[in-house]
Amino acid sequence: MGITWIPGAERLGDGDIGGGMDTPDEPPRVVWHTTESGAGDAEFDSTADYLMEIGAEPHLLYDPTTDRLGQFGPLDESARALRNDGDDRTNRTGRVCVQVEVLARASEPFTDYWKPGPNFAALLEAARSWGVPDAWPAGDLASDGSESTDRDSDTWHSEGGHYGHANVPGNDHWDPGAISQAALLAAGPGDAPAARDEEPSDTAADGGVSNDDVSDVSLANVIAAAGSDPDAPQGATTHRDDVLVVERALHAEGLLSAEWLDGSFGTSTRDAYAEWQGRCGYEGDDADGVPGRTSLEKLGAEHGFRVTD
């Protein structure tokens, strides 16, 4: 099973935007859009409200200038950002068809000026958890509105990877513009899955990928970080990778400000975790901000990570 709710992403709306996929046995993909607007928090909020008002929600809304990320619905269900290709419901193609609206204009490629951070890395990590390969099956993207692109239906159904809105059959938009496809993929963590011609033998029966693709968080590491980072110099990181996963989950819960998503289990993160422990029913010394297995496993179940020793 892949990540359905991205750690660090704000919840937008009620989470109900689509339904099941029509062709879950087909390869997974991500589709990139631009909102044809400016960026910034005011634009983010107004665009999110508008997309919900007109019933055209993607899965994700991303600001390339602030790394702010919002999520309208679970990644394993369909979104509403694409037109159908005749009777073919393009929003429901593949194991997943993750729709990303970027606060940008197609005429000004956002990879020329963006500032990708931990939220963008988490976005790509979530896509990869579903087996989306680092590939652009339809080739180049359009550099202006007059340039045609590959919208081949056979490619769309048979090849997993990343597509622009300009590559989707039945659609006539040319976004996201001539972004750097290589730079976009390079901003993610680690290695992506290789493209597959057929389902691997260990794929979960429900259409997701194996549990090996879920992020692991070491309980011992985060306990050690919670004990040492608050008294260390500002920004000290004892076990950055483990802590960052926990911080993204706390941020998604509305307990930790985005400015503290730094991989340091400092006082702000300990305070946020103490609030999470309170939500789990702990009080007094049991809600001291130092993770325990039960509360951490509950957080992981909500936000797509697995707790190890």
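How many cavities of 30 Å³ or more does a search of the whole structure find? The search finds one. This is a predicted model, in which local features need pLDDT of at least 70 and side-chain atom pairs count only at pLDDT 80 or more, while totals for chains, interfaces and linings use all residues. Residues are numbered from 1 along each chain as its sequence is written, and side-chain values use heavy atoms, with hydrogens and water left out. Helices (H or I, at least four residues) and strands (E, at least two) are DSSP runs, numbered from the N terminus.

**Cavity and pocket**

- On a 1 Å grid over the protein atoms alone, a cavity is a set of points where a 1.4 Å probe fits but cannot get out, and a pocket is an open set with protein on both sides within 12 Å along at least five of seven lines; lining residues have an atom within 4 Å of a point.
- Grid points are joined across faces, edges and corners, and a volume is the space filled by probe spheres set on the points.
- The largest cavity holds about 60 Å³ of space, and its lining includes A122, E125, V245 and R248.
- Helices α2 and α6 (240–252) each give at least two residues to the lining of the largest cavity.
- The largest pocket has a volume of about 360 Å³. Of its 20 lining residues, T34, E101, H165, H173 and D175 are the closest to its centre.
- Two or more residues of the lining of the largest pocket come from each of β2 (29–34) and α1 (41–54); α1 gives the most, with four residues.
- Eight nonpolar, seven polar and five charged residues make up the lining of the largest pocket. Here Ala, Val, Leu, Ile, Met, Phe, Trp, Tyr, Cys and Pro count as nonpolar, Asp, Glu, Lys and Arg as charged, and the others, Gly among them, as polar.

**Helix α2 (residues 118–129)**

- Because 10 of its 12 residues are buried, α2 is largely enclosed by the rest of the structure. Buried means under 20% relative accessible area, exposed over 50%, and partly exposed in between (1.4 Å probe, protein chains only).
- Among the buried residues of α2 are F120, L123, L124 and R128.

**Nonpolar cores**

- A nonpolar core is a set of buried Ala, Val, Leu, Ile, Met, Phe, Trp, Tyr and Cys residues joined through side-chain atoms within 4.5 Å.
- The largest nonpolar core has 29 residues, of which I6, W32, L60, V100 and L184 touch the most other members. Its largest share, six residues, comes from α2.
- Leaving aside neighbours within four places in sequence, L184 is in contact (heavy atoms within 4.5 Å) with W32, F110, W114, F120, L124, W136 and I179.
- A second, separate core of 21 residues includes V243, V246, A249 and L256.

**Backbone features in loops**

- The D175 to P176 peptide bond is cis, with omega near 15 degrees; P176 sits in the loop between β6 (161–164) and α4 (181–186).
- E36, in the loop between β2 and α1, has a positive phi of about 60 degrees although it is not a glycine. E36 counts as partly exposed, at 40% relative accessibility.
- D67, in the loop between β3 (60–63) and β4 (68–71), has phi near 70 degrees, a positive value in a residue other than glycine. D67 is buried, with a relative accessible area of 7%.
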